[in-house]
Amino acid sequence: MFVYSSSSVYCLEHYGNAHYSVKRHLLGIAIGVIGLFVGWILPIKVIKKSAPYVFLAALILTILTLVPLFGYRIHGSSRWITLAKLTFQPSELLKIMIIIYSAYFLEKNVKKGGKAYTMLLIVVGIVTVLLLRQPDFGMAATIIATIIVLLLCSNFPLKYLACGISLCIPMATMLIITQPYRIKRILVFLNPWNDPQGAGFQIIQSLIAIGSGGLWGLGIGHSKQKFFYLPMQHTDFIFAIIAEETGFIGCMLVIILFITFLYTGIRLALKMSSLFAYYTIIGFTTMITLQSVINMAVSTGLVPTKGLGLPFISYGNTALVCNLYMIGIIINLVQSNGTKQLQHN
């Protein structure tokens, strides 16, 4: 509903069809539902044993985004790949596989010392460097944060974790100061009104949309900011359109839904008898929740822009299909775990 509302004016202007994005989004939902059922019915043993190989395939596909022949650039970033006229974002598959691989690795090495985790940290480092080359700082930061949560939930020594985080801080600082556009994003984040017609335009328009919504909103479909005031209104900044059209009440409903998702995910994970199931559910829940928090924080000017959509809501078929696939795996893990417990009892 909000993909149509936020994208109709843009699509009418650029494609001559107000329904262009919502039709593609509905196709993404259909494929996503299929992905959900695949994740639901696929044997857990197959998921575990194939984790390293599928992860490697996802890594290779992500590398291809940097190859001019396959890579497809949008807004200066090479995050997409084009194969047989099909455009998709391999990093979305990569984020799933890094979590499954990490869960598989942690289950095997949970009783070992900190040195046993070296391979996992190297793999995460390679993924991070690759994503930063695209560049996709938001996805890289989300994956690192998710892996840190998984390590905190495992037997990983805190002193090693603290040391790793300490090393990440100067590296992140270096990445920011060596790229002018990142410094510009930080400055815009600190005071967007210094350049209201340039770099600060997007966040100012987002804040105007949110403020215009008031308590109850202007009404669904009645957004003014979607008339070419707010860029990327149906992807990264769809939360601002929701706020404008449904107000504080609509925003709180969205936030409550994601809080419920987080609570449910943690609650289910704690009931798992399998370490692989525990780590996977925690990882998926953390990843999706972090993306939602970052997206809403960007829309409200609490953090610099990151290029992350709002899970399950923003336009973007690759992300939608991958998120629904993760939900299917969670259902699968819960049901498989419950069956084992019943037989054991």
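Leucine 270 sits in helix H10. A helix here is a DSSP run of H or I with at least four residues, numbered from the N terminus along with the strands (E, at least two). Leucine 270 is exposed, with a relative accessible area of 59%. The cut-offs: buried is under 20% relative accessible area, exposed is over 50%, and partly exposed lies in between, with a 1.4 Å probe and protein chains only. From the C-alpha atom of leucine 270 to that of methionine 1 is 34 Å, and the two are 269 residues apart along the chain.

A word on the source. This is a predicted model, where local features need pLDDT of at least 70, side-chain atom pairs count only at pLDDT 80 or more, and totals for chains, interfaces and linings use all residues. Residues are numbered from 1 along each chain as its sequence is written, and side-chain values use heavy atoms, leaving out hydrogens and water.

Now the rings. How many aromatic pairs does a search of the whole structure find? It finds 7. Rings of Phe, Tyr and Trp (its six-membered ring) pair if their centres lie within 6.5 Å; planes under 30 degrees apart are stacked, over 60 edge-to-face, the rest tilted.

Take phenylalanine 55 and tyrosine 101. They are stacked, 5.4 Å centre to centre, with 10 degrees between the planes. Phenylalanine 55 is in helix H3 and tyrosine 101 in helix H4, 46 residues apart. Both are buried.

Next, phenylalanine 261 and phenylalanine 312. This pair is edge-to-face, at 6.3 Å and 65 degrees. Phenylalanine 261 belongs to helix H10; phenylalanine 312 lies in the loop between helix H11 and helix H12. Phenylalanine 312 is partly exposed, at 31%.

Finally, Tyr10, Tyr15 and Tyr20 form one aromatic cluster.
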